[in-house]
Amino acid sequence: MDGAMHTDAKSRAETGTESGPRGPGCSLRHFACEQNLLSRPDGSASFIQGDTSVLVGVYGPAEVKVSKEIFNKATLEVILRPKIGLPGVAEKSREQLIRNTCEAVVLGALHPRTSITVVLQVISDAGSLLACCLNAACMALVDAGVPMRALFCGVTCALDSDGTLVLDPTAKQEKEARAVLTFALDSVERKLLMSTTKGLYSDAELQQCLAAAQAASQHVFRFYRESLQRRYSKS
Amino acid sequence: MLRFINLPQIYFNTCFRTVEPLDYYRRFLKENCRPDGRELGEFRTTTVNIGSISTADGSALVKLGNTTVICGVKAEFAAPPADAPDKGYVVPNVDLPPLCSSRFRSGPPGEEAQVASQFIADVIENSQIIQKEDLCISPGKLAWVLYCDLICLDYDGNILDACTFALLAALKNVQLPEVTINEETALAEVNLKKKNYLNIRTHPVATSFAVFDDTLLIVDPTGEEEHLATGTLTIVMDEEGKLCCLHKPGGSGLTGAKLQDCMSRAVTRHKEVKKLMDEVIKSMKPK
């Protein structure tokens, strides 16, 4: 459909206020998604989680350089641009994480010897940046019509010094946390596609965070479904 | 006219391995072993050589099968950062030169080298292997900066495990001279005769896995296995069983139960590596 579709999600694990400080327990911040907002890329999406916002454009399947082409599947490229400064080693590391996550779900075999480029621009960073990037990338790939075997979403958990779990932490909560874990989960069986962690934590805490992330991913996937339904039901 | 040539079996095997590598591997994995004779949970022979570079303040060479990584640590002076005047720096850098594998070209570091450098920096930061406050000489004025250069000499898979081990061994080998600030001249005086070892607080050990066909997990993949795998996973654990890093850059999905199996293998690997390193350090003559 032409034109931007703006969808808001007031999605929570339990009831809680939308704005202002979050209540105790696990709940995600307010999130919103807008698709098809850029005219040049084949697909684009903007994902906002609380105050963190990422804009993604997807070009593909398109022409690929002979040096980079793979004979039996599509070549996926990810470019992540930070809000300020030039991309550095940390961005390269995040690009690899996002690229490998997308490669696991995109059906590259349907478009051999082509390239699919995902360009992410960080608009604002207020915590849970990598998870927001993953969500925005998934929405943009859907908008571009790239065939995928499943959708994926990113969820961040923060563990503070006494072991309390906070989902979708803000920048302040991330800084004060003992450990921050980011997971990418697929929509079919909630399997763990990607994981990157910061800080020290125990094995039991990891399983606890993973279970909480899997529960939270339900809400994100429900939001994807609702926003797409709303977009395509308008004639 | 068709003629059957009686090829020796080994020639047939190498042809098959080149033409259909995935199928070749699957036949071994079905029997729960790998072409090099290892079991699915077995590591390659690990050797470590500490203190081989005399011009560096600390060094270590680690070989995991064919994969060879050398780490050299140099200590220099620097002004502490403005926002943390009582801390020093630890700056790691992983270099994958064209020497180690044909897939790397000379020039600026490629993506794999940058990812490995970021991984090592994260391991140092997360595990608190060195308290940065220990590197401070005079708050706000002078601190040590440890440049850790890891160079891969031979790339045959599982570079992250080798780098982590090499870094740990090299840091255990580092001896820093005592530095005093002269009150009158405000200059640093280095006493090269009195050297102290670094206070290594934890011993992070990395264990890498490769995922095959979305279901099978094998430990310590070689270069060929990494290429055929559908995903990789690296777990960094310290001696208390705490995780410093769970690095899974995409690839096939894993369930929580599979992760649990990986954890237990990581715990046993930690014990093996710690034992090896303690033996090597004990065998070195005290300077």
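The largest nonpolar core has 133 residues, and A:Leu120, A:Leu141, B:Leu146 and B:Leu171 touch the most other members. Such a core joins buried Ala, Val, Leu, Ile, Met, Phe, Trp, Tyr and Cys residues through side-chain atoms within 4.5 Å; buried means under 20% relative accessible area (1.4 Å probe, protein chains only). Helix 2 of chain A (residues 129–144) gives the largest share, 12 residues. Helices (H or I, at least four residues) and strands (E, at least two) are DSSP runs, numbered from the N terminus. A second, separate core of 10 residues includes B:Tyr24, B:Tyr25, B:Leu40 and B:Ala210.

This is a predicted model: local features need pLDDT of at least 70, side-chain atom pairs pLDDT 80 or more, while totals for chains, interfaces and linings use all residues. Residues are numbered from 1 along each chain as its sequence is written, chains are lettered from A in the order written, and side-chain values use heavy atoms, without hydrogens or water.

Chain B meets chain A through 25 residues of chain B and 28 residues of chain A, contact being heavy atoms within 4.5 Å. The buried area is about 2500 Å², with 54% from carbon and sulfur atoms; this is accessible area (1.4 Å probe) lost on being put together, summed over both parts. One salt bridge crosses the interface: A:Arg99 to B:Glu111, 2.6 Å, N to O. The rule asks for a Lys or Arg side-chain nitrogen within 4 Å of an Asp or Glu carboxyl oxygen.

The unreviewed UniProt entry annotates two spans of chain B as "domain: Exoribonuclease phosphorolytic".

UniProt annotations may be inferred rather than shown by experiment.

Methods. Buried means under 20% relative accessible area, exposed over 50%, partly exposed in between (1.4 Å probe, protein chains only). Buried area is the accessible area (1.4 Å probe) that two parts lose on being put together, summed over both.
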